[in-house]
Amino acid sequence: MTAGEGRPGNVPQAHYDVIVVGAGFAGMYLLHRLRGQGFTVRVFEQGSGVGGTWYWNRYPGARCDVESMQYSYSFSEELQQEWDWSERYAPQPEILAYADHVADRFDLRRDIQFDTRVEAALFDEHEQRWTVTTSDGATASAQFVVLATGCLSNARMPDIAGAADYKGAIYHTAHWPHRPVDFTGLRVGVIGTGSSAIQSIPLIAEQAERLTVFQRTANFSVPARNAPLTAEERQWFRDNYPEIRRKAREEMRNGIFTEPPQKGAFDDPDEVRRQNYEGRWTSGGLTFMAAYNNLALEKAANDTAADFIRGKIAEIVKDPVVAGKLQPTNHPVGSKRICVDTDYYATFNRPNVELVDLRADPIDRIVPDGLRAGVRHYPLDAIVFATGFDAMTGSVAKIAIRGRAGRTLNDKWAEGPRTYLGLMTEGFPNLFVVTGPGSPSVLSNMILSIEQHVDWITDCLVAMRDRGAACIEATRQAEDNWVAHVNEVAAGTLYPQANSWYMGANVPGKPRVFMPYIGGVGVYRQICNDVAAKGYEGFVMSGSLTAERRTAESERAVAN
Ligand code: FAD
Ligand code: NAP
């Protein structure tokens, strides 16, 4: 922080090189990298601790679905050699403990201000700096603002009539209490059947007297086959990390190391294909979708995988009517985020679990003692909303961001988000987004994508400092070209066929645009590297730091 000039009321205003919004894995790594390059950084986090997703989503069964040995930072060799993941997919408390460990190990907390929301950010064209207003009423200024606000951080509570009069307990999976919740002896309703619901339903069913699951859209889920990690398994990763991480970054579309598929679904005879799916079902996990290289591209190929999963559901679920309701039919497998579960489908064989198909019997309203759907009344002591997020843009939209000429970002993105490389948007200089719309983001192992963005942004700020540039901004032309490219690549896949949160379809009124970049993390990384190598092609660097500021900044850089 540098000396403040003072504001009305004589409250000094803090000045930083960079303000980071959010202290999840993205904000934490940003702080570490930027600080290492001698920048002064302030992180504002609305929660009371680090970890983001893993701080908020404390529902029963919450765990990662990218294997922990890969869903972890790679920037520190010591960290990845020393941290012991207990299971193939670590549970939420362990991932949160990892985030806490990282914060302590790299001494991050001293530059993070918790319990503080960033409410607004205003760009001053004359000063070429941002002024950020926080929920405590303070303001701070910075040359750069980086939004590390998370793609799945703005929980969605659907507007259901009668909710205000409900007498029971209401939970949202993404705002789970920090104390244990005990459903023993209770009649519980879960609304939603996405990943959060699919993880929590089996555990809630074990506890509750009665569980009613309200399903609007059946989802495809594959077994996790979670298990404790053995010392040998951990060691294998540790010994091979350089190659595993390299392949994940460069050769895998989704940033998850696996054997990439070499052929299409119809290159195998029916029986061989069935055995391939069977093998992947038995080994478990997201790599089910890596069975063939055309599952996301060709409907007929996709149908073979979808039929296989529908067959499995029919095998597992004893009541054929319930099995039929659980079989997804209205979207290609993978076009909505595929779920990874432990005993999800088998849970519907329990006598205390009921499935309500909301397509046949829509929710009418919440009543003081439960919920009415179709003609039935369901008495409920607790309702769990597993209703997801206003994804990718939701948390950004909640901040009043004004760029050049006072234009708001919400105005600019009214028809859908527009970015260059998912990193910046024209008209909003010196404002970066981590894993923003237009980047691989939610289609990838997100820690890998976070590290790539943070490294790119850090290198960019260093390059600007070296040039003495005060301002960087994406050009309109580069942004238009990138948006066109993102749309074109998406249109060549089956993804836009689903009413998914990738498309904004889960939020009434949100523009229908396929938000992430589906070209793959390797291709994307190469594009970003090429852009930087060509002197930040598609960006304009302008202005110049005053000699005084430049000297101060270089001195700081040397001191660090
Ligand atoms: P977040 O972790 O979302 O952190 C953003 C932070 O910004 C939050 O703490 C939020 O409070 C804060 N913030 C937002 N707005 C403001 C504001 N205005 N002012 C101050 N603070 C603000 N991805 C995978 O790759 N693999 C997985 O297995 C996986 N599992 C997931 C499980 C769940 C339940 C969920 C919800 C997501 C999962 N994801 C997974 C995606 C996950 O979000 C990312 O992997 C990653 O944790 C995102 O980190 P982040 O720092 O970008 O964002
Ligand atoms: P989600 O996938 O968006 O699922 C929300 C569910 O709620 C859907 O079934 C949706 O139905 C339903 N729903 C929403 N509004 C409703 C309404 N008004 N009435 C009835 N049903 C309604 O959200 P999520 O499960 O929280 O997962 C979001 C993403 O977070 C995942 O896709 C994944 O990327 C990540 N995640 C990962 C894990 C993991 O396994 N590691 C766990 C949780 C989350 P429709 O489908 O009809 O909209």
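Author: Gladly, and a definition comes in handy here: angles under 35 degrees count as roughly parallel, over 145 as roughly antiparallel, 65 to 115 as roughly perpendicular and the rest as oblique. This is a predicted model, where local features need pLDDT of at least 70, side-chain atom pairs count only at pLDDT 80 or more, and totals for chains, interfaces and linings use all residues. Residues are numbered from 1 along each chain as written, chains are lettered from A and ligands numbered from 1 in the order written, and side-chain values use heavy atoms, without hydrogens and water.

Reader: How are helix 6 and helix 15 oriented to each other?

Author: Helices (H or I, at least four residues) and strands (E, at least two) are DSSP runs, numbered from the N terminus. Axes are lines fitted to C-alpha atoms, for helices over the stretch in contact, and angles run from 0 to 180 degrees between N-to-C directions. Helix 6 (residues 231–250) packs against helix 15 (residues 521–533) at about 80°, with the axes 6 Å apart. The two helices are therefore roughly perpendicular.

Reader: Which residues of helix 15 does helix 6 meet?

Author: Contact means heavy atoms within 4.5 Å. From helix 6, Ala248, Arg249 and Glu250 take part, and on the side of helix 15 they meet Val521, Gly522 and Arg525.

Reader: Is tryptophan 413 buried or exposed?

Author: Tryptophan 413 sits in the loop between helix 12 (409–412) and strand 18 (431–433). Buried means under 20% relative accessible area, exposed over 50%, and partly exposed in between (1.4 Å probe, protein chains only). Tryptophan 413 has a relative accessible area of 9%, so this residue is buried.

Reader: Which backbone oxygen does the side chain of tryptophan 413 reach?

Author: Beyond its neighbours within four places in sequence, tryptophan 413 has contacts that include Thr393, Val396 and Arg418. A polar contact is a pair of N or O atoms within 3.5 Å; within protein, one must be able to donate a hydrogen and the other to accept it, and residues adjacent in sequence count only if both atoms are side-chain atoms. At 3.1 Å, the side chain of tryptophan 413 reaches the backbone oxygen of arginine 418.

Reader: How many residues surround ligand 1?

Author: A residue is near a molecule or strand if one of its heavy atoms lies within 4 Å of it. The closest to ligand 1 are Glu45, Thr53, Asp65, Tyr71 and Met446, and the number surrounding the ligand is 33.

Reader: How far is an oxygen atom of ligand 1 from an N or O atom in the side chain of tyrosine 71?

Author: On the backbone side, a polar atom of alanine 26 is 2.9 Å from an oxygen atom of ligand 1. For the side chain of tyrosine 71, the distance is 2.5 Å.
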